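Subject: Structure handover: pockets, cavities and helix packing

Hello,

Here is the structure for you to look over.

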Amino acid sequence: MTLTKADWQARAAALCPETRMFIDGEFVPALSGATFPTINPATGEVIAEVARGNADDVDRAVTAARRAFRDGRWSRLDPRDRMDVLQRFAGLVEAHAEDFALLDTLDMGKPISDMLAIDVPGAVSNLCFFAEVVDKMEGAVTNTTPQALHYILNQPLGVCGIVVPWNYPLMMAAWKLGPALATGNSVVLKPAEQSPLSALLLARLFMEAGGPAGVLNVVTGHGEETGKPLALHMGVDKIAFTGSTEVGKLMFVYSGQSNMKRVTTECGGKSPHIVLADCDDLDTAAATAVSAIFGNQGEVCSAGSRMLVERSIHDDFVARFTAVAATAHQPGDPLDPETTMGPLVTAEQQERVLRYVDIGRKEGARLAFGGAVPAGLNAGCYVEPTLFTGVSNRMRIAQEEIFGPVATIIPVDGADHAIELANDTIYGLAASIWTSDIKTAHRFARDVEAGIVWVNAYEAGDATTPWGGFKQSGNGRDKCLEALTQYTQTKSVWIDLR
Ligand code: NAD
């Protein structure tokens with residue numbers, strides 16, 4: 001049955017989400033008793049008061065996770081049994097697709113149709129991918145002297161702290177839980193304070209799937225109050241972080257200030273989206289470019305926010321982009337299944353984006369469309385899809401991550417110039433080129449400083465394709481088999497045979 005806007009509104013009105021933290025197999029309030037409101041950015045209304053964790057709650061969760069890891073209830077579980085739990089977990093997430101859709105849409109404003117088409121399937125396929133590899137991971141026997149048997153064990157790290165952002169609350173958590181749990185670690189998950197609700201449902205479903213108590217814990221609260229003590233905790237072996245570059249850098253500092261825990265980061269971006277004159281399908285390129293920057297309200301780490309368009313087709317491309325944008329992603333009520341763009345996550349984020357619109361104007365870029373709060377949507381944190389043309393790559397709107405629906409188009413003179421500008425950024429997450437020349441495509445793939453490269457596509461990929469950045473976009477890789485190595489450590493074992 002396809003739910004209508006009225007159905008979703010009725011469900012939202014009846015919602016009674018879990019708001020306590022999940023520690024050692026139980027939902028518990030913060031030790032201090034404190035709470036914080038989580039707010040629906042489409043209406044400004046408080047959805048719920050959520051437990052506000054601090055260092056004491058973090059310590060409690062880490063202690064439970066450590067105990068669970070040490071006694072082997074998960075870390076030394078028969079791999080087939082661990083696999084069964086993770087497969088059941090993935091199945092339960094899928095079965096609760098509508099519940100997750102409602103929670104994340106209310107918490108952070110993305111269209112409910114995106115949740116059902118992108119976020120939930122993305123989370124489920126990732127959990128399935130890592131569930132399937134549990135009994136297929138192998139060590140190695142090295143070819144050392146015949147006087148010894150030497151083998152390599154890949155063992156779980158212990159307690160992994162997972163800190164995630166609000167733009168894909170469920171999916172970002174699932175991307176990290178998959179490899180962390182598949183390899184036998186215990187986890188303390190810290191969702192963003194803007195979007196804590198879906199993580200609590202995840203925890204419940206892990207238990208329902210047969211996951212032992214203490215293996216997956218969720219601590220809710222603010223970054224400084226819960227994320228920081230988690231990253232500073234001496235009992236945490238690794239921090240897997242997704243979020244801003246600014247906070248990602250702090251994770252390395254916290255590691256150095258505590259126990260040199262491993263740190264992997266997935267951070268911000270200002271991804272170049274190149275369209276060359278030899279692109280043989282400008283309509284598809286323009287339509288793809290619109291979704292690449294306005295999808296998920298532009299709150300996407302890999303958003304194609306910096307379009308580099310060859311001068312000879314620049315005006316034509318701008319016209320096509322503008323025509324598609326006029327209907328493709330228009331702000332509306334995210335609970336309406338027809339809506340393709342919701343509000344931004346918070347009033348602060350809305351202000352930040354509008355501030356960048358001002359900056360762009362003052363820098364001398366031309367505001368081609370948008371740039372304001374859409375008429376009739378003043379109660380929510382909405383911003384119109386916005387395009388700046390006449391942008392230079394040195395402008396702040398071309399260099400800084402805006403994290404909202406603000407596109408910039410920069411004219412370029414050929415492939416070499418495009419690649420040069422593509423790399424002229426502190427970031428290196430994603431990059432795309434539209435060309436019909438195979439040599440240009442491969443040269444771009446070789447030379448562009450980005451962890452994810454598309455040719456004649458954008459945002460393509462699945463659980464098998466590595467996700468992560470170069471430069472200040474971070475050092476981690478989510479999805480893909482390589483992610484497993486980030487949650488294990490290598491043990492070298494020498495058996496003397498003489
Ligand atoms: P953020 O860095 O503000 O917060 C991310 C998480 O870190 C949250 O859980 C937050 O509570 C926590 N945090 C904040 N300050 C902290 C501190 N001092 N110590 C410990 N934890 C702290 O990011 P955000 O605003 O939630 O998310 C948007 C950012 O995430 C963007 O920069 C975006 O590009 C990035 N992102 C990257 C990827 C990727 O895969 N590369 C994916 C999604 C989002």
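How many nonpolar, polar and charged residues are in the lining of the second largest cavity? The lining has seven nonpolar, four polar and three charged residues. Please bear in mind that this is a predicted model.

Cavities

The search of the whole structure turned up two cavities of 30 Å³ or more. The largest cavity holds about 70 Å³ of space. Its lining consists of 13 residues, and those nearest the centre are Ala303, Ser305, Glu401, Ile402 and Phe403. By class, the lining of the largest cavity divides into seven nonpolar, four polar and two charged residues.

The second largest cavity, the one in the question above, has a volume of about 50 Å³. It is lined by 14 residues, with Pro272, Thr425, Tyr427, Gly428 and Ala430 closest to its centre.

Second largest pocket

The second largest pocket contains about 640 Å³ of space. Its lining is made up of 31 residues, and Ile118, Tyr168, Met171, Val300 and Glu459 are the closest to the centre. H5 supplies the largest share, eight residues. By class, the lining of this pocket has 15 nonpolar, 10 polar and six charged residues.

On the H5 side the contact is made by Met115, Ile118, Asp119, Val120, Gly122, Ala123, Asn126, Leu127 and Phe130. On the H6 side it is made by Leu170, Met171, Ala174, Trp175, Gly178, Pro179 and Ala182. Ile118 and Met171 take part in this contact and are also among the residues closest to the centre of the second largest pocket. The contact of H5 with H6 comprises 12 nonpolar, three polar and one charged residue.

Helix H4 (residues 97–108) and helix H7 (residues 197–208) have axes that come within 8 Å and cross at roughly 155°. H4 is therefore roughly antiparallel to H7. From H4 the contact involves Asp99, Phe100, Leu103, Asp104 and Asp107, and from H7 it involves Leu197, Ser198, Leu201, Leu202 and Leu205. Six of the residues in the contact of H4 with H7 are nonpolar, one is polar and three are charged.

H4 also packs with helix H1 (residues 5–14), at an angle of about 75° and with the axes 11 Å apart. H1 and H4 are therefore roughly perpendicular to each other. Trp8, Arg11 and Ala12 of H1 meet Glu98, Ala101, Leu102 and Leu106 of H4 in this contact. The contact of H1 with H4 has five nonpolar residues, no polar ones and two charged ones.

Regards

Note on methods:
Residues are numbered from 1 along each chain as its sequence is written. This is a predicted model: local features need pLDDT of at least 70, side-chain atom pairs count only at pLDDT 80 or more; totals for chains, interfaces and linings use all residues. Side-chain values use heavy atoms; hydrogens and water are left out. Axes are lines fitted to C-alpha atoms, for helices over the stretch in contact, and angles run from 0 to 180 degrees between N-to-C directions. Helices (H or I, at least four residues) and strands (E, at least two) are DSSP runs, numbered from the N terminus. Angles under 35 degrees count as roughly parallel, over 145 as roughly antiparallel, 65 to 115 as roughly perpendicular and the rest as oblique. Contact means heavy atoms within 4.5 Å. Ala, Val, Leu, Ile, Met, Phe, Trp, Tyr, Cys and Pro count as nonpolar, Asp, Glu, Lys and Arg as charged, and the others, Gly among them, as polar. On a 1 Å grid over the protein atoms alone, a cavity is a set of points where a 1.4 Å probe fits but cannot get out, and a pocket is an open set with protein on both sides within 12 Å along at least five of seven lines; lining residues have an atom within 4 Å of a point. Grid points are joined across faces, edges and corners, and a volume is the space filled by probe spheres set on the points.
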